[in-house]
Amino acid sequence: MLETVHVAILFGAGLVAVSIFTSLLSMRVGAPLLLVFLLMGLVAGEDGLAGVNFDNAPLAYFIGSLALAVILFDSGFGTPIKSFRLAAGPALSLATVGVMLTAGLLGVAAHYVMDLPWPQAFLLGAVVSSTDAAAVFFLLRVGGMKLRDRVKSLLEIESGSNDPMAVFLTILLAEVALSGQGFASLDWTLALTVAQQLGIGLVGGFLGGRAMLMLMRRVRLEPMLFPLTVISLALTLFGAVSVVGGSGFLAVYVAGVVAGNADMPNAPTLKRFQAGITWLAQIVMFLTLGLLATPSQFGAVAVPAIVLAVVLILVARPLAVWLVLLPFRFTGRETLFAAWVGLRGAVSILLAIVPMVAGMEGGQDLFNIAFIIVLVSLVVQGWSIRPVARKLGMMVPSRSGLVERFELELPDEARHELVVYRLSADAAVATGHRVPRWARPSLVVREGRSMTWRQAGKLRAKDYVYIFINPRYVPLLDRLFAKPEGPDLSDTAFFGDFPLAPNATIIGVATTYGLPTPPGMDTTCTLAETFDRVFDGRAAPGDRIPMGFAEIIVREVDDEGELVSLGLGLEPQKPASWVLPAWLARIIAPFNRLRGPRYRGS
């Protein structure tokens with residue numbers, strides 16, 4: 001018995017370690033890390049090199065649910081409340097209506113491609129209907145992509161909040177399929193069940209997050225026990241809400257948002273701990289689901305599964321996203337990018353276990369199909385997100401040259417951070433710009449030697465400078481110590497050729513530069529007022545309003561959503577010619593008029 005335990009520990013810990021080291025190679029070739037972890041599970045599984053026979057579906061579902069709860073809590077904890085101000089409406093619409101549309105469209109395809117009965121076909125659609133929070137958050141946050149704020153907020157909130165609808169649809173359709181009566185077994189209680197799942201999840205998550213804050217502000221714990229207590233409370237909330245009939249996944253995400261946007265004690269320590277435990281949860285979840293799969297069985301369903309994956313990626317997801325975002329005035333490029341970032345991941349494989357656990361006939365085939373769809377999604381979409389983002393103009397040039405940023409736990413709610421820059425030759429202070437008194441470094445490290453700012457004298461390229469500062473001044477430090485770095489887009493191309501003041505008027509700009517005024521606008525309004533009206537107070541960097549052969553572009557927005565600076569671009573961005581297929585563009589062209597004027601993007 002003890003020998004078996006020791007072997008299990010050796011194998012489990014060794015597999016996690018090998019997966020982590022393998023990730024170093026994956027970064028060199030650009031492979032999505034989560035795909036690597038999933039493939040490592042396949043390699044170690046029954047048909048792989050290690051030959052481990054793991055077929056305990058209930059245990060895999062338990063491990064996956066636990067890991068997903070940890071991931072969703074951390075996802076919510078790291079989502080700033082301003083993201084909800086930017087994209088709450090469209091994101092939550094995608095998380096509910098979008099999931100149902102995707103499930104329905106793919107269900108129809110599954111019925112005709114695989115000749116599945118309608119309940120099983122729609123069940124398969126529900127299983128792969130939601131985007132994966134772990135995959136999306138990894139690619140958008142850990143991957144280092146800096147996207148337009150509204151698009152990034154849309155994708156993060158959608159991926160963090162769409163799991164409850166997918167879970168509900170999967171369980172509901174599994175019950176329908178098992179009943180033998182088809183959809184005749186449904187009644188009015190369906191709407192009540194949906195309301196119960198979402199309502200209890202939302203309310204439970206909000207109250208749980210507030211209770212967590214109140215408790216952690218009052219208790220005195222050892223610093224290392226604090227993050228353990230928080231994650232334990234999050235998992236307790238997940239279990240409690242699930243037991244009373246609510247969505248535990250939604251509850252932990254909402255609790256994370258509530259706790260992460262408040263003054264949580266020991267927040268720096270908590271964030272570092274959660275980053276590590278979330279990585280571990282993702283690795284364990286993907287490895288477990290990879291172990292559960294049996295690749296030798298994939299051949300029987302490989303072709304129809306790949307066909308369904310193509311339908312999901314190119315038809316079902318894009319059409320659902322376009323229909324849902326139609327009232328929200330997103331451009332074609334933004335809509336297409338949101339559709340492309342519909343990665344399927346561990347959640348879909350986890351939900352595919354439900355038919356197996358329920359003992360449904362053909363449950364293993366549904367699991368295999370879902371697994372192949374996830375593999376195709378991670379390979380095709382995960383590998384191509386960065387080039388697609390560049391092609392569609394979704395990436396914003398970074399204005400930060402920070403090397404590191406450390407939050408400090410200070411008494412009396414004082415907020416300061418230690419920020420570290422490595423100076424480039426083009427940084428303002430390296431070219432002779434005076435360093436203001438408030439921005440003077442506390443420490444300079446030059447060629448391995450540490451010295452004070454006065455000892456260092458004139459700052460040079462490759463110096464490391466350490467500065468204690470309030471977080472709100474970091475953008476100002478960037479202008480002194482950092483050279484803007486980013487993708488192929490330059491500042492001029494993306495943010496305009498000339499700066500404009502937010503308090504300048506439309507008519508003033510038009511007169512100065514000889515431009516026509518935008519139709520249907522009050523030309524006496526300031527630029528800031530005009531952007532507030534056009535974008536409902538949610539303007540983000542990169543948003544633009546055309547004026548003839550030029551366009552006014554948002555450069556910077558502060559934490560309160562107020563415009564800080566604007567630019568005038570003399571050559572508006574040309575729309576990508578391949579934004580939508582011609583046949584689809586012809587179909588939807590009449591409906592685009594319903595959006596009203598389109599000022600966002602090109």
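How many salt bridges does a search of the whole structure find? I found two, counting a side-chain nitrogen of Lys or Arg within 4 Å of a carboxyl oxygen of Asp or Glu. I note that this is a predicted model, in which local features need pLDDT of at least 70 and side-chain atom pairs pLDDT 80 or more, while totals for chains, interfaces and linings use all residues. Residues are numbered from 1 along each chain as its sequence is written, and side-chain values use heavy atoms, without hydrogens and water.

I looked up Glu-158 and Arg-317, whose side chains meet in a salt bridge at 2.7 Å, N to O. This pair links helix 7 (residues 149-161), which holds Glu-158, to helix 13 (residues 302-325), which holds Arg-317, across 159 residues. Glu-158 is buried at 2% relative accessible area (buried means under 20%, with a 1.4 Å probe and protein chains only), and Arg-317 is buried at 4%.

I then turned to Arg-446 and Asp-463, whose closest N and O atoms are 2.8 Å apart in a salt bridge. Arg-446 counts as buried at 8% relative accessibility, and Asp-463 is buried at 1%.

For packing, I looked up helix 2 (residues 33-44) and helix 16 (residues 363-391), DSSP runs of H or I with at least four residues. Their axes, lines fitted to C-alpha atoms over the stretch in contact, come within 10 Å and cross at roughly 145°, on a scale from 0 to 180 degrees between N-to-C directions. The residues of this contact (heavy atoms within 4.5 Å) divide into 10 nonpolar, no polar and no charged, among them Leu-35 in helix 2 and Trp-383 in helix 16.

Note on methods. Helix = DSSP H or I, 4+ residues; strand = E, 2+ residues; numbered from the N terminus. Nonpolar A, V, L, I, M, F, W, Y, C, P; charged D, E, K, R; others polar. Buried < 20%, exposed > 50% of the residue type's maximum accessible area, 1.4 Å probe, protein only.
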